[in-house]
Amino acid sequence: MMNKDNRNFFKRLTKTQRLLLLVGIPLITFSILPIIIILLIGLIPSITVLVTDSKNSQKLVIVGCFNLAGVFVYIFNILSNYSVYNAFHVFTIFNLIVMLGSASLGVIAYNELPKLFVLMSKASVQKRLKDIDNRLNKIRDEWGDAAIEEEDPAKSKKKPSKTKPTPAVKPQT
């Protein structure tokens, strides 16, 4: 809890502090306005993912990173050639396609990379199985068919025995 002295300290501002606040806040707002405009328009896909699918953090990270990569190109353009006009000049159709298209690449990556991973895993497993079959054939050629006996899964099932199992403990009579 704050005591009375601390509250009074925050409430009392000197005239110079008030003047700095009155001049400083509009100056800071005006100086970063072009950057805020670009971020608000350029990050629409990331904001949309945040609102619609907030529990899926992986999608937000992937789409957001791709989206930021497309937006940062124009943020650096604003920082190197600073003007308010330049902020609005960035919104030509080509620049919007780059900013928003980078987010669409993030969505494609989010949807397609798992499928690509599964496809590559299946190809790797098939290659390994082919290598194992080649090794088995090589061993069969060297040692004969007796060295490698393939069991039929239907034959390998144990048949139930016809004898009754004996109880571990004799019942008392």
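A residue counts as exposed when its relative accessible area is over 50%, as buried when that area is under 20%, and as partly exposed in between. Phe-76 has a relative accessible area of 55%, so this residue is exposed. Phe-72, at 38% relative accessibility, is partly exposed. The model behind these values is predicted.

These two phenylalanines belong together. A search of the whole structure turns up 1 aromatic pair. Phe-72 and Phe-76 form that pair. Their ring centres are 6.0 Å apart, and 35° lies between the planes, a tilted arrangement. Both residues sit in helix α4, and because they are 4 residues apart there, about one helical turn separates them.

The largest nonpolar core has 9 residues in all: Ile-35, Ile-38, Leu-43, Val-71, Tyr-74, Ile-75, Ile-78, Val-90 and Met-99. Two helices, α2 (15-42) and α4 (57-80), each supply at least two residues of this core. Helix α4 gives the most, with 4 residues.

Which residues does Ile-75 contact, leaving aside its neighbours within four places in sequence? The partners are Ile-35, Ile-38 and Leu-39. Ile-35 and Ile-38 are, like Ile-75, members of the core.

Now turn to helix α6, which covers residues 93-143. Ile-108 lies in this helix. Is Ile-108 buried, partly exposed or exposed? Its relative accessibility is 48%, so Ile-108 counts as partly exposed. Along the chain, Ile-108 and Val-63 are 45 residues apart.

Definitions and conventions. Residues numbered from 1 in each chain as written. Predicted model: local features only at pLDDT ≥ 70, side-chain atom pairs only at ≥ 80, totals over all residues. Heavy atoms only, no water. Core = buried A, V, L, I, M, F, W, Y, C linked by side-chain atoms within 4.5 Å. Buried < 20%, exposed > 50% of the residue type's maximum accessible area, 1.4 Å probe, protein only. Contact = heavy atoms within 4.5 Å. Phe/Tyr/Trp six-rings, centres within 6.5 Å; stacked < 30°, edge-to-face > 60°.
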